[in-house]
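The sequence and structure come first.

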Amino acid sequence: MTTCRIEELSQHVDQEVTLRGWLYNKRGSKNVQFLMLRDGSGICQCVAGKKDVDEATFESCQKLTQETSLSITGRVNADARSVGGHEIHITGVEVLQTSEDYPITPKEHSTGFLMGHRHLWLRSKKQHATIRIRSRIVKAIRDFFDHRQFILVDAPIFTPAACEGTTTLFEVDYFDDKAYLTQSGQLYMEAAAMAHGKVYCFGPTFRAEKSKTRRHLTEFWMVEPEVAFADLNEVMDLGEALVHSIVTAILSDCQAELEALERDLAPLEAITPPFPRISYDEAVQILHSKGIEFEWGGDFGAPDETAISEHFAKPVLIHRFPAQIKAFYMKEDPEDPRLALGYDMIAPEGVGEVIGGGQRAESLSFLQKKIAEHHLPEEAFDWYLDLRRYGSVPHAGFGLGLERTVAWMCGTPHVRETIPFPRLLDRIRP
Ligand code: 4AD
Ligand code: MG
């Protein structure tokens with residue numbers, strides 16, 4: 001007997017196979033039972049006719065409960081009308097474990113309840129589709145950089161210093177000392193870029209975000225490329241090409257998942273380069289033209305980002321922010337020293353900032369001055385300053401947030417559903 005996965009059924013038409021999985025749903029009458037089996041790769045309708053199976057088998061089918069694990073044997077029938085295009089005509093059923101009172105039923109549940117049952121909620125249709133899309137996005141990102149000769153360099157999780165400001169640091173005891181969970185691998189990628197030229201890291205990062213929003217997790221994944229000799233324009237090009245390659249992969253390989261999520265494809269299909277690029281000053285003008293109050297020098301809040309992005313049909317890149325609201329490591333604009341050569345990419349549909357990055361300061365004295373201005377401890381950055389002592393070169397990079405990208409592709413309003421086990425201000429269980 002061949003054991004196979006539901007996604008492989010097309011190779012076994014008219015053969016007898018065994019599928020192993022969980023009962024997703026069931027309906028039936030006294031003469032026939034329709035079992036919806038899911039096995040992770042898909043969902044398949046399995047039919048048991050009273051006259052086709054022995055009495056014990058038919059009775060056990062009638063008693064099956066939601067999420068019972070089981071093994072079903074039967075003949076594969078190609079049937080275009082069925083979910084997935086195949087149907088199984090059952091010859092035998094083996095119950096592995098009977099699931100009683102499965103808490104997630106087809107009725108509506110509150111988000112709090114579902115989040116508390118995240119370990120089970122992952123089996124539900126939309127959650128299943130979302131995690132598959134996340135997996136495909138990760139692959140698209142890895143392929144993008146690997147095909148462009150970037151070297152994957154893993155950044156540490158325990159770090160001695162802040163990269164993105166001291167207000168969101170998670171402090172941990174480190175033997176007799178203290179350490180912080182990394183906010184970004186960037187500083188380490190700058191060191192790695194001086195060794196390999198083009199590098200990226202891809203891993204979890206941590207920020208003690210103290211407000212509840214639909215865009216912030218306390219643990220999120222970021223991919224961070226860093227390129228020696230690159231400038232701001234080159235990393236804007238790179239960010240645009242990366243996002244385009246992600247959308248292309250999802251549209252071509254995740255049709256079933258997008259359908260399960262009822263995702264409107266038109267906004268995704270519209271994401272084609274070139275993306276509009278505007279300066280911070282122009283972004284402020286857009287806000288003012290819409291009657292939104294905003295003072296030059298401030299940072300854009302979520303409603304500002306949404307208002308700016310609504311001005312364009314595509315993602316928009318905003319560059320040259322006031323230096324005072326940006327991190328210490330940004331290079332100043334030689335044309336206007338009030339500005340930093342950084343950029344953000346703002347995604348449409350209310351998703352907001354998906355990329356933050358730019359060109360890095362390469363001058364030792366400038367960085368020493370900035371570290372002092374930001375009240376950062378210079379000793380913690382001594383190793384970083386070495387990069388400006390021993391062969392400093394222009395370089396640039398960015399970070400793309402994975403969960404916001406997944407939310408964008410899936411059309412999911414809240415990032416909590418885009419990571420298998422979200423960590424939020426008020427949640428670290430399960
Ligand atoms: O703009 P950010 O803070 O940039 C950096 O960390 C740079 N050091 C990256 C670099 O240049 N190598 O964060 C980058 C991206 C944001 O645009 C957003 O997509 C995501 O990371 N992000 C978050 N995603 C979920 N939850 C949070 N709390 C996030 N904070 C940032
Ligand atoms: Mg940012």
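Strand E16 (336-347) and helix H11 (364-373) each contribute at least two residues to the lining of the second largest cavity. Helices (H or I, at least four residues) and strands (E, at least two) are DSSP runs, numbered from the N terminus. On a 1 Å grid over the protein atoms alone, a cavity is a set of points where a 1.4 Å probe fits but cannot get out, and lining residues have an atom within 4 Å of a point. Among the residues that line the second largest cavity are Ala323, Lys326, Glu332, Phe366 and His374.

The model is predicted: local features need pLDDT of at least 70, side-chain atom pairs count only at pLDDT 80 or more, and totals for chains, interfaces and linings use all residues. Residues are numbered from 1 along each chain as its sequence is written.

The structure has two cavities of 30 Å³ or more.

| Cavity | Volume | Lining by class |
|---|---|---|
| Largest | about 80 Å³ | seven nonpolar, four polar, no charged |

A volume is the space filled by probe spheres set on the points, with grid points joined across faces, edges and corners. Asp, Glu, Lys and Arg count as charged, Ala, Val, Leu, Ile, Met, Phe, Trp, Tyr, Cys and Pro as nonpolar, and the others as polar. The lining of the largest cavity includes Thr159, Cys163, Tyr188 and Trp383.

Methods. Chains are lettered from A and ligands numbered from 1 in the order in which they are written. Side-chain values use heavy atoms; hydrogens and water are left out. On a 1 Å grid over the protein atoms alone, a cavity is a set of points where a 1.4 Å probe fits but cannot get out, and a pocket is an open set with protein on both sides within 12 Å along at least five of seven lines; lining residues have an atom within 4 Å of a point.
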